[in-house]
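Thanks for coming. I will take a few minutes on one structure, starting with its charged pairs and ending with its helix packing.

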Amino acid sequence: MVEFGLPYVADPAVSKHVSEFLHLHQEVAKEALGSDAEPAIPVGLLLNGGVFNSDLVTRRLVDIVENWKGAPISLLSNPHPDWSVALGAVAFAKARRGAQLKIGGGSARSYFLHLQEKTSLVKRFVYLRKEPMKDKRSV
């Protein structure tokens, strides 16, 4: 399995990780921005995580991205960046119970994972669909 997100716990060079993340997602970013500009830099940021309670850290990251873009960007409002994950978990739980609108998700592509076991001669695979199945069927 692959971990998604920015690995800045092990390496505090956040700007390097943001740069790598943007580089990795150039194709999707160009499509979202409707632009073939090189490189595709976001027009706005929504920052999540307690570290962004610091105006100094927030301003520094915005300055870096604006420098890369060569133009001002929008900082989307998030009055409690440290609550973002918790609020998302509550919204997800409410949506599962039908009390809130569900937001769909998925992966950019489907995957087959080969599960290897040293003691088994049987080959096992897991299919991870590109999009969740809406009707709860199994594959």
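Let me start with a term: a salt bridge here is a side-chain nitrogen of Lys or Arg within 4 Å of a carboxyl oxygen of Asp or Glu. Before using it, two remarks on the source. This is a predicted model, in which local features need pLDDT of at least 70 and side-chain atom pairs count only at pLDDT 80 or more, while totals for chains, interfaces and linings use all residues. Residues are numbered from 1 along each chain as its sequence is written, and side-chain values use heavy atoms, with hydrogens and water left out.

Now the salt bridges. The structure has three of them. Which residues form a network? Arg59, Asp63 and Glu66 are linked in this way. Arginine 59 pairs with aspartate 63 at 2.9 Å, N to O, and with glutamate 66, where the closest N and O atoms are 3.3 Å apart. Arginine 59 and aspartate 63 are both in helix H3, four residues apart, which is about one turn of the helix. Helices, for this talk, are DSSP runs of H or I with at least four residues, strands are runs of E with at least two, and both are numbered from the N terminus.

On exposure, buried means under 20% relative accessible area, exposed means over 50%, and partly exposed is in between, with a 1.4 Å probe and protein chains only. Arginine 59 is partly exposed because its relative accessible area is 41%. Aspartate 63, at 33%, is also partly exposed.

The remaining pair is glutamate 38 with lysine 30, at 2.2 Å, N to O. Lysine 30 has 18%, so it counts as buried.

Next, the wider layout. The protein has four helices and four strands, and from the N terminus the order is α-α-β-α-β-α-β-β. Of its 139 residues, 15% are buried.

Threonine 58 lies in helix H3. Leaving aside residues up to four places away in sequence, threonine 58 touches Leu47, Phe52 and Leu75. Contact means heavy atoms within 4.5 Å. Among contacts between residues at least 6 apart in sequence, 39% join residues at least 24 apart.

That brings me to how helix H3 packs. Two packed helices are described by the angle between their axes and the distance between the axes. Helix H1, residues 14–24, packs on helix H3, residues 55–69, at about 45 degrees, with the axes 11 Å apart. Axes are lines fitted to C-alpha atoms, for helices over the stretch in contact, and angles run from 0 to 180 degrees between N-to-C directions. H1 and H3 are therefore oblique to each other. Angles under 35 degrees count as roughly parallel, over 145 as roughly antiparallel, 65 to 115 as roughly perpendicular, and the rest as oblique.

Which residues meet there? From H1 they are Ser15, Val18, Ser19 and Leu22, and from H3 they are Leu61, Ile64 and Trp68.

Last, histidine 23, also in helix H1. At 64% relative accessibility, histidine 23 counts as exposed. Histidine 23 is 18 residues from isoleucine 41 in sequence, and their C-alpha atoms are 9.3 Å apart in space.
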